[in-house]
Amino acid sequence: MKKNIIVGQSGGPTAVINGSLYGVVTEGLRHPDEIAHVYGMVNGIEGFLADRFMDMEALAENGELEFVRTTPGAYLGSCRYKLPEDLKDPVYPRLFQKLEEKEIGYFFYIGGNDSMDTVSKLSRYAAGIGSDIRFIGVPKTIDNDLVHTDHTPGYGSAAKYVASVVREITADASVYDNKPSVTIVEIMGRHAGWLTAASVLARKFEGDNPVLVYLPEVAFDQDAFIEKVKENLKTTSNLVVCISEGINDGKGTFICEYASEVDTDNFGHKMLTGSGKYLENLVKEKLGIKVRSIELNVCQRCSSAHLSGVDLTEAINAGIYGVQAALAGETGKMITFLRGRSLPYELSYGTADVNEICNEEKPVPTEWITRDGSDLSPDFIEYARPLIQGHVELPTKDGVPVFAYRK
């Protein structure tokens with residue numbers, strides 16, 4: 001008996017999350033003998049519980065799916081809905097009743113750590129009631145912090161954006177060379193500094209800006225920071241510093257909390273902002289020189305102008321491989337990337353138990369963090385550089401990109 005696919009997106013979007021959606025939909029439609037329909041959840045699991053979904057086949061028929069492929073954000077809409085820890089909660093039988101009514105045999109959730117938590121709970125509940133619905137997680141996060149995978153879709157494009165924009169900021173900062181100045185660039189990354197680390201890819205030569213790069217993996221000492229700024233201003237008059245939003249004192253306090261309290265989201269994660277501004281004021285107070293801070297903010301994850309060709313291809317393949325894995329009988333798994341080597345770059349795909357992935361975080365290896373926590377080693381550059389390769393030609397009209405959107 002043929003079954004249906006349902007696919008959803010969750011958490012913060014990326015520039016290539018819709019590439020994975022494209023992969024799931026196109027591969028699902030390639031198996032008409034096994035799959036009758038491919039449905040999309042509108043606003044993730046939360047939307048599906050409210051009976052919001054759409055038939056994805058129409059997008060392929062009218063050509064819109066090709067525009068979805070290179071559209072940033074989450075075409076289906078996202079959510080940050082946390083399923084209850086207690087699998088006896090009444091939401092589970094209600095959810096599975098809806099899945100059975102739609103004759104769903106394959107469930108795909110594209111997202112990060114919290115999304116893998118959803119896949120874990122649903123697959124465990126399914127096993128408990130003897131359901132044969134197969135649940136697969138397709139990874140997505142610019143944070144690159146999922147375990148059991150070499151990297152994640154979304155990271156390569158975000159890293160390319162960071163490297164490109166930091167190089168632009170560096171060029172701008174070098175215009176006036178008669179007085180010392182400091183430019184502080186705040187980059188996303190709560191507990192893992194993968195994205196901030198990518199700023200070193202902006203350097204044109206050894207010793208080039210950004211001279212100082214700080215990640216949350218190493219405790220941040222404010223006094224040592226000021227001394228490093230003073231020392232490096234002797235040789236670089238227009239100093240560029242890149243920091244993760246989550247830099248902390250190593251004792252549980254984020255640097256941005258020194259200035260103000262922070263709120264939390266539905267999963268209990270602190271919503272961080274202001275580390276760059278705090279350090280701007282600190283440098284101004286301690287050194288009395290020209291200083292400014294720049295927060296890259298949402299542009300890191302939504303820019304299509306700096307799409308990595310490698311990243312988009314791998315995002316699409318992750319969706320394709322997810323469908324193939326489900327059809328082969330796998331469930332409770334997340335698609336993983338397995339690097340063969342970096343030069344030349346080789347990658348294959350696999351699966352890992354989602355229960356070993358959700359609620360875990362992969363930090364930047366401490367051996368890759370150098371100069372007392374203010375720089376990255378060549379090993380990181382060798383790891384990251386292949387992921388930002390390739391230019392993607394976007395469809396355009398009247399000089400601007402053409403994006404897909406739900407009518």
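What share of the contacts in the protein chain between residues at least 6 apart in sequence join residues at least 24 apart? Here are my notes, starting with that.

1. The share is 76%, with contact meaning heavy atoms within 4.5 Å. Please keep in mind that this is a predicted model, where local features need pLDDT of at least 70, side-chain atom pairs count only at pLDDT 80 or more, and totals for chains, interfaces and linings use all residues. Residues are numbered from 1 along each chain as its sequence is written, and side-chain values use heavy atoms, leaving out hydrogens and water.

2. On the overall build, the protein chain has 13 helices and 15 strands (DSSP runs numbered from the N terminus: helices are H or I, at least four residues; strands are E, at least two). Its radius of gyration is 22 Å, close to the 22 Å from the globule rule for 407 residues, so the chain is as compact as a globular protein of that length (taken over C-alpha atoms; the rule is 2.2 Å times the number of residues to the power 0.38).

3. Now to strand β2, residues 35-41: five of its seven residues are buried (under 20% relative accessible area, 1.4 Å probe, protein chains only). Across the protein chain, buried residues make up 57% of the 407.

4. Strand β2 has a parallel partner in β1 (residues 3-9), with four bridges; strands pair if DSSP finds at least two bridges between them. Lys3 sits opposite Ile35 of β2.

5. On the antiparallel side, three bridges link β2 to β3 (residues 53-55), and Tyr39 faces Asp55 in β3.

Key
Buried < 20%, exposed > 50% of the residue type's maximum accessible area, 1.4 Å probe, protein only.
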